[in-house]
Amino acid sequence: MRDPVYYSGSAEFFDTHAHIYDRKYADCNTNVEDILLRCKSSGVTSVLIPADNEETSGLAVDLAMKYDGFAGITLYSSVGIHPHEAKTYTEETEDFLRSSLEDRKEKRIMALGEIGLDYYYDLSERSVQREVFAKQLEIAKEYDVPVILHERDATGDCLDILRRFYREGRLRSLPGVCHCCSCSLEASQELVKMGFYIGFDGPLTFKNNKKTPEVARNTPWDRIVIETDSPYLTPEPNRGLINEPCHVPYVCARLAEIKGVTIDEAAQITYDNGKMLYGVN
Ligand SMILES: [Zn+2]
């Protein structure tokens, strides 16, 4: 059973990555209001809703605008084209992204993403993925907005593209976050050097995962954010249940254990980092 009051202290948590519009919730008879009420009872007071294509960009923005403040939860959104969907990217897509970012603050859009490369599923041709990733990095620079990186089995090419932008001064000083970090310690450290935050979620709590805790241990505190990637990647001990932002305290607790601090301290730091990353307070 889900325990909605796992955390009973006074710290606040920021789930920086939760797809709360996902169809899976309707399949489980869960609506947005239920999700936000469970956030409230778990101390989760801010949630960013990321997008992966044009349709979910619209859903993320609509939800953030409609439900911001419900149950005292602050909501933000992003717009962007995930590498899986890179093959659908057209001039119209680009116009859509630009017009969304035009008045982004009123629409609560705080990032461009998810963007990046995914050579694990290869759902779009790799050359197309690289091209669409670079195009969106350019848009991010133009609109001065952080990016949400999705990278899977493509670390080499992803770093190559980012290095080029970094060298040419075309990344912001706070360029964005490597969401659901699965790369090596070495790669994560290079990302941190370029100014990226590293996002940790459910896999940090998985017992057979040795790599991610090692990355967390070695990532400086001021570069860490926590996330759930809901509805996927439910953290221990709730694996098997659909994931929701109310589970982010479990990720925070594991992070606190790895770093040797209290959960309240880890919550405060990651909360402040999330606000800094997305330029909100
Ligand atoms: Zn995601």
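These are my notebook entries on a predicted model of one protein chain.

**Entry 1: the whole chain**

I began with the overall inventory, and the secondary structure of the protein chain comes to ten helices and eight strands. I then looked up the extent of the C-alpha trace, which spans about 45 × 40 × 35 Å along its principal axes. For 281 residues, a compact globule would have a radius of gyration near 19 Å, and I noted that the 17 Å of the protein chain agrees with this. Of the 281 residues, 47% count as buried. I also looked at contacts with a separation of 6 or more, and found that residues 24 or more positions apart account for 76% of them.

**Entry 2: the sheet**

Next I traced the strands, and I found that eight of them form an open sheet in the order β1-β2-β3-β4-β5-β6-β7-β8, with parallel pairing. Which strands stand at the edges? They are β1 (13-15) and β8 (224-226), and because each has a single partner strand, one side of each is left without a neighbour in the sheet. I noted too that neighbouring strands of this sheet are turned by 30° against each other on average, when direction is ignored. As a reminder to myself, strands of a sheet pair through backbone hydrogen bonds, either parallel or antiparallel.

**Entry 3**

On to strand β4 (residues 109-118), which pairs with β3 in the parallel sense over three bridges, with S78 opposite A111 in β4.

Is β3 mostly covered or mostly open? Five of the six residues of strand β3 (residues 74-79) are buried, so I wrote it down as mostly covered. Helix α3 (residues 54-67) lies across β2, β3 and β4, and I noted that this helix runs at about 160° to β3.

Lastly I picked out E94, which is found in helix α4 (residues 91-102). Why does E94 count as partly exposed? I found that E94 has 16 C-beta neighbours inside 10 Å, and because a residue needs 20 or more to be buried and 12 or fewer to be exposed, a value in between means partly exposed. I also compared E94 with D264, which is 170 residues away along the chain, and their C-alpha atoms are separated by 41 Å.

Technical notes:
Residues are numbered from 1 along each chain as its sequence is written. This is a predicted model: local features need pLDDT of at least 70, side-chain atom pairs count only at pLDDT 80 or more; totals for chains, interfaces and linings use all residues. Helices (H or I, at least four residues) and strands (E, at least two) are DSSP runs, numbered from the N terminus. Two strands pair if DSSP finds at least two bridges between them. Axes are lines fitted to C-alpha atoms, for helices over the stretch in contact, and angles run from 0 to 180 degrees between N-to-C directions. Two residues are in contact if their C-beta atoms, placed from the backbone, lie within 7 Å. The radius of gyration is taken over C-alpha atoms; the globule rule is 2.2 Å times the number of residues to the power 0.38.
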